[in-house]
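Q: Please take me through one part of this structure slowly, as if I were new to reading models. Once that part is clear, show me some side-chain contacts elsewhere too.

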Amino acid sequence: MKQLTQNLRTGETSLQEVPPPIVQPGYVLIQSHKSLISPGTENALIRFSKANPFQKAILQPDKFRLAYQKVKSDGLFNTIRNIANKIDQPIPLGYCNVGHVLEVGEGVQDIQVGDRVVSNGPHAEMVCVPRNLVAKVPPEVPDHKAVFTVMTSIGLHAVRLISPSVSETVVVIGLGLVGLLTAEMLKINGCNVIGIEPDEHRLQVAISRGFTAINPNFLNPEHYIGNATNGFGADAVIIATDSQSDQILSQAARVSRKRGKIVLIGTADLRLNRSDFYEKELTFQVSCSYGPGRYDPDYEHHGVDYPHAFVRWTENRNFQAILQLMSNGAFDPSYLTGESFLFADFKNAYAKQHDQSNIAVTLDYPERCSAKRSIQITKQCFSETKGVIGIIGAGHYTATTLLPLLKNATIKHIVSANGLSAANLARKYDIAYYGTNYQDIINDPEVDLVMITTRHNLHAKMASEAIRAGKHVFVEKPLAIFENELNALVDVFHHSNSGNASVTVGFNRRFAPHVRKMKSLLGDSVMNIIIHVNAGFVPQNSWIHDRKVGGGRLLGEGCHFVDLISFIAGSRIVSVCMNAMGQNPADTTDNASIMLKCENGSTGVVNYFSNGHTDYPKERIEVHASGRTLILDNFKTLRGYGFKHFSNIKTTQNKGHREMYESLLDFVKNGGQPPISFGEIVNTTAATLAVIESLKLNNWVHI
């Protein structure tokens, strides 16, 4: 199938051949009929992608600050490499789609194959969308109207935020596509609408629809609206422009009545003039997309709806309301449609979109499209090659860490759930096949090593399947996020009929040259190990905090440091105890201290905090043993105290990724002992899971 993408580094808009996405539980697979180009969002992405690095920094100063902090912690080279890999990923364009359902995921009960639906799916011949972002289209609503549903919901949500009464005056600043749709929703609510728009064509369109519209270049909006409201001012203002000027908010304040409401659905400089708002006691709010539920993982990805009695209008119910208005004839957006283009003719569609006479431009899709789950891009023979790799997962870790360090490896497959990220990486690294079905890798007899870099909840399941198939397995980490998953995997490993499988988990820090040096200096001493991790803040809505998906940061990343203590001490963990910040810390906390006891008497402490200052180094390891001390700062500087022939080593940062991959590939090709024994991997995983149990029990837990 084909999908429209934007490359943020090169600025290129292109149509890519990608496999259909995998239908996950709670999702719906849709074949597209028509999609609507968003002139605001999509043009902003295209402008950003075509900007030079300096302009990009100005456009996104918050990202520039993060990059600067990363330079200080990880070094210039690593930061540049990570940023370059990240922005070289193509991103999907579009979010207004109508089509029919091809397949429904597990748990979806009220959508059937064949249903015609709208969704926020991108410009692609097939899209896979969470159930709560899909709404059925009534039979009497044609595609060319239904395609406006998602974008109209942006305006409808803004209208709901101002809660207008009949006959109130509402000003809409900006009469582009979203502005006109917002005006239509206000009109249906019985409001008097006044639009402010400098473009004459848009003005005439608004006037033809019965709206009052003024050009601020010729009429003073404050005077005009004051006269129209008997000197009181507008009851509310909705800003629907993409201007970066701070005068937009100031203008909105000036035309408002005392205690009026201002809602922003476009983009504007948010520097508020206090006097504009103070004297009138104005309310200002930024509207979030389609309505309640937007960007909430529980609502959008897990299908947990908000109670109807408490949240009357969610984003999905907004979709339904708009479709109902179309169905009963109260709302007809047909007049906004300019030209419609075939999907393959997207370049002309985007060019026409800049023509002011085309307020809305749509794309039409073919009735049939390719549905191949695996696509070959290079012809290679793998039958005589040892160490052939298949990669499951094409996210950030694969793009920025794994593939740049596997340049000389033989990679046959790469797959991802949505197909697009796998397609991009396959082309970039000359990987023969890309797709969306990970079973293609597990069932391929030519694949020797399966590398799993998906989200954490899939690790144990996929690893077990690969072990049954007799493959060597690499799991990025963690191995499992629930005890029953770990127990099942251990059982598969010990009872697998093949007997050839091995498992390696990406505990790269034990392979770091500085850590290997520490190990050689310390020998078999009984020791005290203290690891400080300045982990940095991760927003609570990130998937990593979701216990069912990411496991939480301590399971997802803290396992690194449990393994590191076990490796440096040369002994397995036998008991653990965790204390976490807060009166009622959750099992996904990322501010905690973990105490560990080793079988040989060594002890360890992991202080894992997310509330530290970004300028402080990320990781610090202290080891005290037999009157000697080693301190490793951020995998750059190792200092020794009490050693006769060692004082310090300073290098560029090296956390051992390259050394880990080299060791793994050598083992897969030539045999011998695996890089990490299975017993150590299981012990580290069990100990990390016991850490979470310790928090619940408020006590030590024995492994």
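A: Let's start at G470, which comes just after helix 18 and takes a positive phi of about 80°. Keep in mind that this is a predicted model, in which local features need pLDDT of at least 70 and side-chain atom pairs count only at pLDDT 80 or more, while totals for chains, interfaces and linings use all residues. Residues are numbered from 1 along each chain as its sequence is written, and side-chain values use heavy atoms, with hydrogens and water left out.

Now step back into the helix itself. Helices (H or I, at least four residues) and strands (E, at least two) are DSSP runs, numbered from the N terminus. Helix 18 covers residues 459–468, and eight of its ten residues are buried. Here buried means under 20% relative accessible area, exposed means over 50%, and partly exposed lies in between, with a 1.4 Å probe and protein chains only. The buried residues are H459, A460, M462, A463, S464, E465, A466 and I467.

What do these buried residues pack against? Their partners include helix 17 (439–442) and helix 19 (483–495). Strands take part too: strand 18 (388–392), strand 21 (449–452), strand 22 (472–475) and strand 23 (502–505). Contact here means heavy atoms within 4.5 Å.

With the helix in place, let's turn to the aromatic rings. A search of the whole structure finds nine aromatic pairs. Rings of Phe, Tyr and Trp (its six-membered ring) pair if their centres lie within 6.5 Å; planes under 30 degrees apart count as stacked, over 60 as edge-to-face and the rest as tilted. One of the pairs is Y290 with F319, which is tilted, at 5.7 Å centre to centre and 55° between the planes. This pair links distant parts of the chain, 29 residues apart: Y290 lies in the loop between strand 14 (283–286) and helix 12 (297–300), and F319 belongs to helix 13 (residues 315–327). Y290 counts as buried because its relative accessible area is 2%, and F319 is buried because its relative accessibility is 0%. For another arrangement, look at F643 and F646, an edge-to-face pair at 6.5 Å centre to centre, with 85° between the planes. Both F643 and F646 are buried. Returning to Y290 and F319, ring pairs link these two and Y95 into a cluster.
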